[in-house]
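Here is a short tour of one protein model, arranged by topic. Keep the sequence and the coordinates open beside you as you read.

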Amino acid sequence: MTRIPELIVFDLDYTLWPFWVDTHVTPPFKKDPKTGNISDRHGQNIKPYPEVPKMLKHLHDNNYTLAVASRTGEIEGANSLLQLLDWDKYFKYKEIYPGDKTRHFSRFQKDSGLPYEDMLFFDDENRNIVSVSALGVTCILVQNGMSMAELEKGLKRFVNKHK
C-alpha cells in the first residue's frame, strides 16, 4: 500500500501567495462584497498563486490534513488574509509567528501526535528546508509558488522516500 503524508504543511509568503505579507502589502485587508477582490490599505490587489485555491480544495476534498507554518511578524495580517481568501477552513493547524520553522513543526508534532516522518512540507526558503529536513520531514523547495505540479512532485517524493 502506498503511504501518503498524514500532514501537509505550507509556508505562506512566496509559497501560497506571491509577496511577503509583512513588507510588500499593507494591512488592514478588505474584501469587496460585490467583486470578491481583496485589497490592502492602499488599494493594492491581493491575489494568491493561480492554482492554490484549486489545490487546497482538492487536498481538503481528498481528506488530507493541512497546516500553515509562517515566520512572518505580520501575524494578524496573515490570519486576516487566510480568512478573506476563505482558506481558514482548510487548515487544521496554524503556526504563524517569527522564529525557526523547527519550532512550528515541534508544535505540529505535539498537537497532532504525528511523527515528523509522516509530514510533507513546502517552502520557498532553503534555510527552512534544511532545518525542517533534519527533523525527518519530507521537504520541497518551492521555486515559483505552489501549483498542482509542485504538489505532485512533493507527493511523489514522499511516496518514494517511504518505499
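Buried means under 20% relative accessible area, exposed means over 50%, and partly exposed covers the range in between, with a 1.4 Å probe and protein chains only. Helices (H or I, at least four residues) and strands (E, at least two) are DSSP runs, numbered from the N terminus.

The model is predicted, so local features need pLDDT of at least 70 and side-chain atom pairs count only at pLDDT 80 or more, while totals for chains, interfaces and linings use all residues. Residues are numbered from 1 along each chain as its sequence is written, and side-chain values use heavy atoms, with hydrogens and water left out.

- Two strands pair if DSSP finds at least two bridges between them.
- β1 and β7 pair in the parallel sense over four bridges, and L7 stands opposite M119 in β7.
- β1 also pairs in the parallel sense with strand β5 (residues 66-70), over three bridges; here A67 is the bridge partner of V9.

**The three-stranded sheet**

- An open sheet of three strands runs in the order β2-β3-β4, with antiparallel pairing.
- β2 and β4 (45-46) stand at the edges with a single partner strand each, so one side of each is left without a neighbour in the sheet.
- Strand β3 (residues 38-39) is joined to β4 by two bridges, in antiparallel fashion, and S39 stands opposite N45 in β4.
- Q44 lies in the loop between β3 and β4 and is partly exposed, with a relative accessible area of 39%.
- Contact means heavy atoms within 4.5 Å; leaving aside neighbours within four places in sequence, Q44 is in contact with H24, V25, I38 and S39.
- From C-alpha to C-alpha, Q44 and H24 are 9.8 Å apart in space, and they are 20 residues apart in sequence.

**Helix α2**

- Within α2, G77, A78, L81, L82 and L84 are buried.
- Which strands do the buried residues of α2 pack against? They pack against β2, β3, β4 and β6.

**Aromatic pairs**

- Rings of Phe, Tyr and Trp (its six-membered ring) pair if their centres lie within 6.5 Å; planes under 30 degrees apart count as stacked, over 60 as edge-to-face and the rest as tilted.
- By this rule the count comes to seven aromatic pairs.
- W17 and W87 form a stacked pair, 6.3 Å centre to centre with 15° between the planes.
- That pair links distant parts of the chain, 70 residues apart: W17 is in the loop between β1 (7-10) and β2 (30-31), and W87 is in the loop between α2 (75-84) and β6 (91-96).
- Both W17 and W87 are buried.
- The ring centres of F105 and F121 are 4.8 Å apart and their planes are at 70°, so this pair is edge-to-face.
- F105 lies in helix α3 (residues 101-112) and F121 in strand β7 (residues 119-123), so the pair ties together parts that are 16 residues apart in sequence.

**Backbone points to check**

- Most residues other than glycine have a negative phi, and most peptide bonds are trans.
- Y14 has a positive phi near 60°; this residue lies in the loop between β1 and β2 and counts as partly exposed at 26% relative accessibility.
- D86 follows α2 and has a positive phi near 65°; D86 sits in the loop between α2 and β6 and counts as partly exposed at 40% relative accessibility.
- A cis peptide bond, with omega about 0°, joins P27 and P28, and P28 is found in the loop between β1 and β2.

**A buried loop serine**

- S147 is found in the loop between β8 (138-141) and α5 (148-161), and counts as buried at 17% relative accessibility.
- Not counting residues up to four places away in sequence, S147 touches E51 and M55.
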